[in-house]
Amino acid sequence: MMNKMEILAPVGNGESLKAAVLSGADAVYFGMGNFNARRNAQNFSTDEEIKNAIEYCHRRGVKVHITLNTLIKDAEIKDAIECVKKICTLGADAIIVQDLGLAKVIKTVCPDIQMHASTQMSVGTLEGLYILKEMGFDRAVLPRELSFDEIKFLCEHSPIDLEVFIHGALCMCVSGQCLMSAVLGSRSGNRGLCAQPCRLPFKVQKGTGHDLSLKDLSLIEHIPELAKLGVCSFKIEGRMKRPEYVSAVVTACKESAQGNYNSLLKKDLSDLFSRSGFTDGYYQNQLGRDMFGYREKENVQSATKELLSKYASIYEKEQSRFNVKFTFEGRIGEQAKLTAECNGNCVSTESEMLCEAPINRPISEERIKDALSKCGGTQFNAESVEIIGDIDYSLPISALNLMRRTVLQMLENKITGKKERVIFPAPIPTSITSDNYREFYCRFDNAEQIPSNINADMVFVPLGTDETKVKTNNYGVELPHGMFGNQEKVDKLLEKSSAEYCLCHTLDAVSVAKKHNKKVIASPSLNVLNSLSMDVAKSLGIDKVIISNECTLEKFAKISSSTPIGLTVYGRIPLMLTRNCPVKNGKTCAECKRESYITDRMGIKFPVRCQMGYSEILNSRPIYMADRMGEIPDCDIMFFNFTTESKYDVERVISAYEHEEKSTGEFTRGLLYRGVE
């Protein structure tokens, strides 16, 4: 684990970079190209911009993490590989990644660079962290939904470093599990273009009116206790925010780390940007209506010119970050020598002119110390100046100034210390070996939906379904979509289950299934979207993969794999997975009976279904492809996702697919044709 606590600041452009670094951030993160989760931020586009940004940070001892935290398509693999090579060559310290295939690219092309698992990977259990370790990750960014106790447990046992979001926007959905923007408008959050439709009015009965919008997260006051737990990095959200915001949050984090966080700092942060204030509900394990909020008029107007100027002034001038010990020595007839020590580095230089016998009087000790201590405008501070020997000589102040500037530049070069990395050839996706036999897999919300005469190659029911039914019918079991917080319960249920197969939505679930020697079917929520990710899935022991619901038919046909691959051809797509049920804003679980809806401003209803403390918000209409079966490319598995359907509905749907009939109700083609940007 890291010994030094890291404040990690967001950077959307050059001005934000300056604000983060000069306000005291220990590390920054920013995106480049089209493979980062904030593609609409200004980011850094050219090689020169990226190189200058990295060098600017490294000269000041600040680390640089580059975000490549989106899913990539097969057609983009070549560009993604070049992007990885560029990042490694330019000297960035770490890459933040979501895509399984891209992780393989990074560890193959440049094994020396640190690799951090984005919160988009949805890993929040100890077993999941061990899978990340196996894949070569050095750090994981934990989900925002974890409580203090859950973070504490992971810190005590994690095989890799852990990073937490400490301040900023809080999505309703667990990161990496949201398809709402993709399905409603083809702008994918997994592809860096989320349109934030959840911030619009969505209502449950007796709710807030904005029942998919949470207040902003703020755990700044908890930094001291989180640091004691072993959290190594405190991440600030906000690559789309103004530089004054970045400066203010970095300042508040530094003050909190010193035990100086106060109500004035908190008010400044709220005035600069918030949604009805802040919440630490997940951290305190106090979920509910108080966590909800949206951007109100007073929130927008509270960032006054005076407040912006207050924080803009912090990063107007260079801040000293390093203490330097100077040692100066001179003798008549010889060149003076200046040595500087800083951060374990030691450098020396000599004066261009000789020390001369004084005409009137020798240079004084006071003038030497005064000249060498003037480090203003640099990131250095003169901690001490030691003078060796008698001062019986004369030397111009200009010579002392030049020596000081020279050793400070030498120290800067030492601190920057760009490491030359070896770049290796990129991995090549495995070619396909499909036998073109299509299996039919059906997933059900509950066993009561299953027709007695169902003709399916595999049926999945929720973990915890009556074991007699599972064993008698040879059902597979679906592990909960929300795993963190449920690991112990899942362990116990799975240990007793006779099921041979598990349907797994996340790496957390994959790890638990493998622990119990179950065969793994990866659901679309595992976000496998390209051929390299298929290879990684196989290496992790995943037996079959249902491709991401963001994949089009055209893209699906081009994916190569030696692992059986499937496609969702029927069912309501899960748009969100949330740990804070929106329905509870208006009614209790007993009143809900797992049959509630959330309604958008157009009056469209989206079913909400719960399991083990998590809620899934489903699309308003199911995918329907019975009349387009001839357009579906060769695949190994046709996946049916039955959610709100009755047993009669299920029979009718299966019959329709057997006869390739047109739908008689409302339906969607999902993203199978239009895809995502």
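The lining of the second largest cavity has five nonpolar, eight polar and no charged residues. Here Ala, Val, Leu, Ile, Met, Phe, Trp, Tyr, Cys and Pro count as nonpolar, Asp, Glu, Lys and Arg as charged, and the others, Gly among them, as polar. This is a predicted model: local features need pLDDT of at least 70, side-chain atom pairs count only at pLDDT 80 or more, and totals for chains, interfaces and linings use all residues. Residues are numbered from 1 along each chain as its sequence is written, and side-chain values use heavy atoms, with hydrogens and water left out.

**Cavities**

- The second largest cavity has a volume of about 100 Å³. It is lined by 13 residues, and Gln-120, Met-121, Ser-525, Leu-526 and Asn-527 are the closest to its centre.
- A cavity is a set of points on a 1 Å grid over the protein atoms alone where a 1.4 Å probe fits but cannot get out; lining residues have an atom within 4 Å of a point.
- Grid points are joined across faces, edges and corners, and a volume is the space filled by probe spheres set on the points.
- Searching the whole structure gives four cavities of 30 Å³ or more.
- The largest cavity has a volume of about 210 Å³. Its lining counts 23 residues, with Ser-523, Pro-524, Ser-525, Asn-549 and Pro-574 the closest to the centre.
- That lining of the largest cavity holds seven nonpolar, 12 polar and four charged residues.
- Strands β22 (565-571) and β28 (637-642) each supply at least two residues of the largest cavity's lining. β22 gives the most, with three residues.

**Helix packing around α13**

- Helix α9 (residues 243-257) and helix α13 (residues 305-312) have axes that come within 8 Å and cross at roughly 65 degrees. Axes are lines fitted to C-alpha atoms, for helices over the stretch in contact, with angles from 0 to 180 degrees between N-to-C directions.
- The α9 crossing with α13 is left-handed: the near helix is turned anticlockwise from the far one by less than a right angle.
- Glu-244, Ser-247, Ala-248 and Thr-251 of α9 meet Leu-308, Tyr-311 and Ala-312 of α13. Contact means heavy atoms within 4.5 Å.
- The α9 contact with α13 splits into four nonpolar, two polar and one charged residue.
- Helix α10 (residues 263-272) and α13 have axes within 11 Å, crossing at roughly 115 degrees. This crossing is also left-handed.
- Leu-265, Asp-268, Asp-271 and Leu-272 of α10 meet Leu-307, Leu-308, Lys-310 and Tyr-311 of α13. Five of these residues are nonpolar, none polar and three charged.

**Overall fold**

- The protein has 22 helices and 28 strands. Helices (H or I, at least four residues) and strands (E, at least two) are DSSP runs, numbered from the N terminus.
- The C-alpha atoms fill a box of roughly 110 × 55 × 40 Å along the principal axes.

Technical notes
On a 1 Å grid over the protein atoms alone, a cavity is a set of points where a 1.4 Å probe fits but cannot get out, and a pocket is an open set with protein on both sides within 12 Å along at least five of seven lines; lining residues have an atom within 4 Å of a point.
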